[in-house]
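I opened the model and kept notes as I went. The entries follow in the order in which I looked things up.

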Amino acid sequence: MSLPRTWQRFLNETGELSRFTGRFFSQGFKPRYEISELLRQCYIIGYKSLPLVGLTGFIMGLVLTMQLRPSLISYGAESQLPAMVSIAVVREIGPVITALIFAGKIGSSIGAELGSMRVTEQIDAMEVSGTNPFKFLVVTRVLAATLMLPVLVLLSDAISLYGSYLGVNIKGVTSLDLFFKQVFDALSFDDFIPAFIKTYFFGFAVGIVGCFKGFNSKKGTEGVGRSANSAVVVSSVLIFILDLLAVQITDLFGLN
Amino acid sequence: MGKVQTIENMSIKKMPVEKVLVIEKLCKSFGDNHVLVDFDLELNKGENVAVLGKSGSGKSVLIKCIIGLLTPDRGRINVLGQNIDEMNIRELDEIRTKVGFLFQSNALYDSMTVRENLEFPLRRHWIKITVAETERKVIEVLNNVGLLHTVDMMPAELSGGMRKRIALARTLILDPEIILYDEPTTGLDPITAKGISNLIKEMGEKYNTSALIISHDMNCIRATSDKIVMLIDGRCYTTGTYEELKENKDPKVKQFFE
């Protein structure tokens, strides 16, 4: 009685990923620290993702507001629009959508970059140059992704609320002051903190999966494409699984 | 009689042979595929030895075992008097400063300029090196390979031959004692390949290095090596100079010279 081949592959992959994550924690916090490479990665992963994340955040806030308006009008609760949108954006939609955009952009680029470095022997060359490629390439990218995604989510949430303000004003007139007063009256730290904490886990998942796929890339250029693709797919699925866990945990602590 | 003994003693004292690389009974398998089986090799100081074998015969595996990128199943690799299998990571990094490796694919870092590619091993190994000293070393090696004008170019802007020269410059920048060449002329046209072969010989003499050259390019081997080791069926099948092996009647040896 043996497991089907797909299940065996899945379990092998999960085991390898767990070992890779264990290696990150065992090597990541010991010297030598690659500070300059970490800062360079923060710039690439964080700053260079800002335009995309900002644009999608703005559209997200605008569209959500326009979609919610008819439903709220039918309940006579149009005035609750800023509160509804802000809670939805801050608690759930902002972190998840931004993390998914981040997985698409950063997960694929890390997977492809490390994959091509692997197949062109650049990772071996780094090892021969006296550099621990795991620390130089993996640890820096995973840390940068973990640290930068929460910042991007914060900015995306803020831009999204400005999009929502525009959406509210398309078919009505509300001042910016009044809009944000309603937003902040509706929000509490219980909405913000659990959502903010989970973004660290999303960032870590994107970074570690992208690096795992790229670092273990095989089969030449075909393998590079496959690494980039599966980095996005696996990290996106992980984001939803982590989100599900986060909801259960916040519920357990009575924060829902 | 006494005079003869004196001459013999003198000649022994005059020719101390220093072995910089000794491989004994090296075995490496991947599953059921036995790539290296009790492979032996010796490389003396200042000597260039070529390892000749068919594609897939385990030449690259051999070279990667020497530099510690692969772990052998059995056997002993002694580099500059130290056994590779007894070293920790720090000692291995230390020995790697003395052993250069020219990769078959050149392995230049795509995201870095030529200057950054050359500075990278310097900064990693010689942490306290000054900016001026780094610049001097970069200019020196680029001058030696004749590509000073490419210093601020990206690897993607260079031709195959130029990339090979830059990779060689990166290997030379740490002043290694041994250089391992993995198929140095593969993928190059015959004229560029001849230029690279000449450069290998020239740089070997200039930097006083020993070299292990993995190749199946007979022109490159003839131009660069003092001795050839034939790797057949995972073993050291025979050794000799180019001329000696060319005269060998064994069909397994002869096929390389036809």
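**Entry 1: the contact between the chains.** I call two residues in contact if their C-beta atoms, placed from the backbone, lie within 7 Å. Helices (H or I, at least four residues) and strands (E, at least two) are DSSP runs, numbered from the N terminus.

**Entry 2: ground rules and confidence.** This is a predicted model: local features need pLDDT of at least 70, side-chain atom pairs count only at pLDDT 80 or more, and totals for chains, interfaces and linings use all residues. Residues are numbered from 1 along each chain as its sequence is written, while chains are lettered from A and ligands numbered from 1 in the order in which they are written. The predictor gives the complex an ipTM of 0.80 and a pTM of 0.84. I noted an average pLDDT (the predictor's confidence in each residue, from 0 to 100) of 86 for chain B, with 93% of the residues at 70 or above.

**Entry 3: helix 4 of chain B.** Which residues of helix 4 of chain B are buried? I found B:V114, B:N117, B:L118, B:E119, B:F120 and B:P121. Buried means 20 or more other C-beta atoms within 10 Å of the residue's own, exposed 12 or fewer, and partly exposed in between, with C-beta atoms placed from the backbone. The buried residues of this helix pack against helix 5 (131-144) and helix 6 (160-172) of chain B.

**Entry 4: strands of chain B.** Strand 1 (residues 19-30) and strand 2 (residues 33-44) of chain B pair antiparallel over eight bridges. Pairing needs at least two DSSP bridges between two strands. B:L26 has B:F39 in strand 2 as its bridge partner. Two residues lie between the strands of this hairpin, and B:G31 takes a positive phi near 65° there.

I then traced an open sheet of six strands in chain B, order 6-7-8-3-9-10, with mixed pairing. Strand 6 (99-102) and strand 10 (235-240) stand at the edges; each has a single partner strand, so one side of each is left without a neighbour in the sheet. Strand 3 (residues 48-52) and strand 9 (residues 227-232) of chain B run parallel, joined by four bridges. There B:L52 is partnered by B:M230.

**Entry 5: A:P82.** A:P82 sits in helix 4 of chain A. Is A:P82 buried or exposed? It counts as buried because it has 24 C-beta neighbours inside 10 Å. Leaving aside neighbours within four places in sequence, A:P82 is in contact with A:S164, A:V168, A:F179, A:Q182 and A:V183. I also noted 9.3 Å between the C-alpha atoms of A:P82 and A:F184, 102 residues apart along the chain.
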